[in-house]
Each structure stands twice: as structure tokens, then as C-alpha cells.
Amino acid sequence: MPQVRMLADRVRLVSEQTSRFKTGRISVSMALPMDEKAAANSLLIFLLKRSCKQYPDFSLLNGKLDELYGAAISAGVMKIGEAQVLSLSMTCLDDRFALTEESIVEQCAQLLASMIFSPNCKNSSFGADNLAMEKRLLIQRIEEELNDKRTYAFNKCIEYMCANEAYGRDKYGTVEEIQNVKMADVYAAWKNLLSTAIFQITVVGGADADKVADIFEEKFKKIERNPVMPETVFILRGGHFNRYEETFPVNQGKLVIGFRAGMHHSRDNIFAVTVMNDIFGMGTYSKLFMNVREKLSLAYYCWSRLIASKGIVLVECGIDTDKEKKVSAEILSQLTDLRNGKTDPEVLESSKRSLKEKYTFTTPEGICSWYSSQVLQDEILTPDAMVNGVETVTMEQVCEAAKKLSIDTIYMLKAQEEEVAENAD
């Protein structure tokens with residue numbers, strides 16, 4: 001069980017001490033409501049990653065990382081439910097492998113804290129050139145999505161499905177919003193982050209996490225906290241579902257079907273829902289893979305994805321455009337069979353074995369990511385608890401979870417007729 005220590009109002013440190021790895025990981029997750037400030041928040045986290053007051057340029061920061069045995073810094077933006085979660089993380093050599101008695105992890109924690117609390121910011125400015133560069137890079141990230149039609153179709157389905165919910169927003173904000181961000185907006189985003197974000201510092205490795213906790217606790221003593229807990233809307237059932245389509249010059253159509261999972265919150269019946277989704281369309285033994293793809297050859301790929309933090313399941317397929325109705329009908333047929341218990345009992349055991357392997361993390365990054373994703377949860381769920389919960393799931397519970405799935409949205413990215421080909425992209 002990980003150790004949990006509260007450092008300030010809605011600020012906690014979660015640590016798992018282990019000697020399994022040669023490296024350690026520290027990640028600071030910062031959750032904010034998903035709203036019109038998303039673009040400024042996204043730009044902020046990448047600006048914070050660039051430098052800090054102590055190491056104000058790329059060369060000085062890289063020199064410090066080299067001193068720390070080649071430690072690496074990464075920044076990210078994700079959606080967890082209807083929260084935008086910013087993260088700043090470091091991977092470093094575990095203390096026991098250092099050539100001296102110095103604590104590498106402690107120094108990395110100090111550096112991370114400096115980047116968040118003492119950024120390279122003069123006169124309320126992170127530097128016009130720096131902001132312009134991060135705008136270009138962030139817009140490039142968004143525009144590259146167009147080249148990956150699978151990701152594009154997935155995101156478009158969510159956009160339509162959750163058009164009246166905060167989850168329908170792009171995690172980075174729109175290109176137009178990014179272009180319109182001013183320096184004052186980024187500075188305001190930084191001040192707002194320190195005051196209102198829900199923080200979790202996650203530490204994995206062999207080092208003494210209390211030293212890391214002390215560093216961040218001291219920083220937060222100087223901050224007036226007014227934390228805002230993001231809340232996610234869970235819609236139990238899809239109503240009269242809508243269908244949307246676009247046409248692109250691609251070889252392969254992309255079909256995405258969005259289901260409401262009937263969940264009241266992110267952990268509602270989570271073990272049964274997880275197994276149900278795995279049997280429906282996650283594993284190579286799943287109904288969608290074995291029947292839609294393999295047996296009937298209706299799709300180049302066909303699988304389902306559970307987003308428990310929002311209570312939705314999305315089925316993604318790569319298909320020939322003219323097969324959309326046939327594929328959709330077969331997907332619903334497989335769901336009906338799952339609801340009615342028409343599933344080989346051996347598949348349930350295969351699913352449990354596969355999920356056990358999935359939740360047996362083999363890197364500090366994997367463990368850190370698991371705990372970081374729980375930044376908004378009051379209670380920490382360990383990987384072992386997830387495995388144990390999955391083990392208790394019965395086929396009857398799987399069937400009941402499947403019965404709660406209801407179609408909300410269908411999105412079809414159609415291939416132009418003259419471009420349709422027999423082979424996948």
C-alpha cells in the first residue's frame with residue numbers, strides 16, 4: 001500500500017517505496033476544471049518545463065540534468081473526467097546507485113519545485129519568444145492529429161458526444177484559443193494554478209519520500225490556497241443517438257460508436273465494467289476482435305475503450321466505407337450476445353489473466369502513472385486491489401454491466417469513393 005501524506009489544502013504526496021528499479025520517478029499532477037482557460041494552462045506547463053529562475057536557459061538546465069546522472073524532465077496535459085490535468089515529471093537514477101552519498105531524488109524534487117514555484121518569469125513575463133515558440137509547438141501537436149485519422153475520428157466522436165459537457169473540449173484548447181493567449185493570460189494561469197489546482201506529488205523508487213514531501217510542503221506554506229475541485233457530469237444513458245460523418249481522401253473509413261456506460265461515478269462497479277469492456281472489445285479473445293475482425297473480416301481493426309473517468313465506452317473500427325451499416329449491426333449483435341451470456345467461460349478467465357498482466361507494472365513510470373491518474377480520488381486504489389477486484393467478477397456481473405451500455409453517438413469518417421482501397425492505411 002502506498003504511503004499518503006497531506007502537505008497542504010488539497011495537496012498530497014503519494015509514494016511507493018521499492019527497490020525493484022534502477023531509476024526513480026517523481027511526478028507532480030495539477031488538476032483544474034476543464035474550461036476556456038485550457039489553452040493558457042497548456043502553454044503554461046510547457047513554459048515551466050523549459051527553465052526556472054535558478055537555471056534560466058536551456059543550456060544551464062541541461063547542465064544540471066547531466067549532473068544528476070542524466071535525469072530527464074517531461075511535461076504533459078491530459079483529461080481526467082472533466083478536469084484538465086497538467087503534469088511535470090522527472091525520471092532519475094535511484095539514490096543507491098549514486099557515486100556519492102548525495103540524494104539524487106531530493107535534488108530532482110528541489111528542481112521540480114523550483115520550476116513550478118520559482119519559474120523563469122520577469123516582470124510577469126515568461127518571455128515573448130518562449131511563448132511564441134510554445135504556441136507554435138502546441139498548435140503543431142493539434143494539427144498533427146489530422147495526419148492520424150484514427151485519433152482524429154476518436155476525438156471527433158467525443159467532441160460530438162460531449163458537445164454540451166466540458167469533456168467535449170480539447171485538452172489543449174483550440175488552435176484559435178492558443179493563438180489568442182496573451183502573456184498576461186499565462187501569468188494569471190500560473191498564479192491560479194498555485195492557488196486553486198488539486199495537487200498530487202507521486203514518488204516511486206527507493207528514496208526517502210519524506211524528503212520530497214518536506215520540500216513541497218515548505219513551498220506550499222507560502223501559498224494562499226483556495227482549491228477548486230473539478231466535478232464531472234456522468235450521463236447514465238444515451239437518449240436518441242445522433243450520427244455524424246465527414247469525408248476525407250483516405251483509403252480506410254473510421255467508425256467510432258460512443259456508448260454511455262451507466263456509471264454514476266468513475267469507480268461505480270469498476271471491476272465488472274472493466275472486465276465487461278475487456279471481453280467486449282479489448283483483448284484478442286474479445287467478441288469484437290474474434291468476430292467482427294477475424295471471423296467475418298468486416299474491419300481492419302475493431303476494439304473498445306473504456307474511459308471510466310467519464311463513464312463512457314467507445315468502439316473504434318477501421319472499415320471499408322460501404323460496410324458501415326453491416327459493421328454497426330454486427331457490433332450491436334456481439335453486445336447483445338454479451339448481455340445474454342453467450343460467451344465462452346474460458347474467455348472470462350483469459351480476460352482476468354490479461355488484466356492481471358496489465359496491472360502488473362514493470363517500470364516506475366507505469367506505477368507513477370497509475371497513482372497520478374488518481375489525483376482527484378479521495379481513496380487510492382492500488383494495482384493489487386484492482387487485480388483482486390477483477391478476480392471476483394462473475395459472468396453474471398459482466399452481463400449486467402453490458403446491459404447498461406447505451407448508444408449515444410455514431411461518428412463516421414468516410415473515405416472518398418475514388419480513394420477507397422482494399423487494404424488498410
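**Exercise 1.** Decide whether Glu 134 is buried or exposed in this predicted model, and then describe the salt bridge that Glu 134 forms.

*Solution.* Begin with the accessibility of Glu 134, whose relative value is 6%; because buried means under 20% relative accessible area, Glu 134 counts as buried. The closest N and O atoms of Glu 134 and Arg 50 are 2.8 Å apart, and the two residues form a salt bridge.

**Exercise 2.** Find where Lys 310 and Glu 165 lie in the chain, and state which network includes them.

*Solution.* Start with the contact itself, a salt bridge between the side chains of Lys 310 and Glu 165, at 2.6 Å from N to O. Lys 310 sits in the loop between strand S9 (301–307) and strand S10 (312–319), whereas Glu 165 sits in the loop between helix H5 (149–161) and helix H6 (175–180), 145 residues apart. Both residues, Lys 310 and Glu 165, are buried. Salt bridges that share partners then join Glu 82, Glu 165, Arg 260, Lys 310 and Asp 408 into one network.

**Exercise 3.** Determine how exposed Asp 378 and Arg 10 are.

*Solution.* Asp 378, at 59% relative accessibility, counts as exposed, while Arg 10, at 36%, is partly exposed. Their side chains meet in a salt bridge, at 3.6 Å from N to O.

Key:
Residues are numbered from 1 along each chain as its sequence is written. This is a predicted model: local features need pLDDT of at least 70, side-chain atom pairs count only at pLDDT 80 or more; totals for chains, interfaces and linings use all residues. Side-chain values use heavy atoms; hydrogens and water are left out. A salt bridge is a side-chain nitrogen of Lys or Arg within 4 Å of a carboxyl oxygen of Asp or Glu. Buried means under 20% relative accessible area, exposed over 50%, partly exposed in between (1.4 Å probe, protein chains only). Helices (H or I, at least four residues) and strands (E, at least two) are DSSP runs, numbered from the N terminus.
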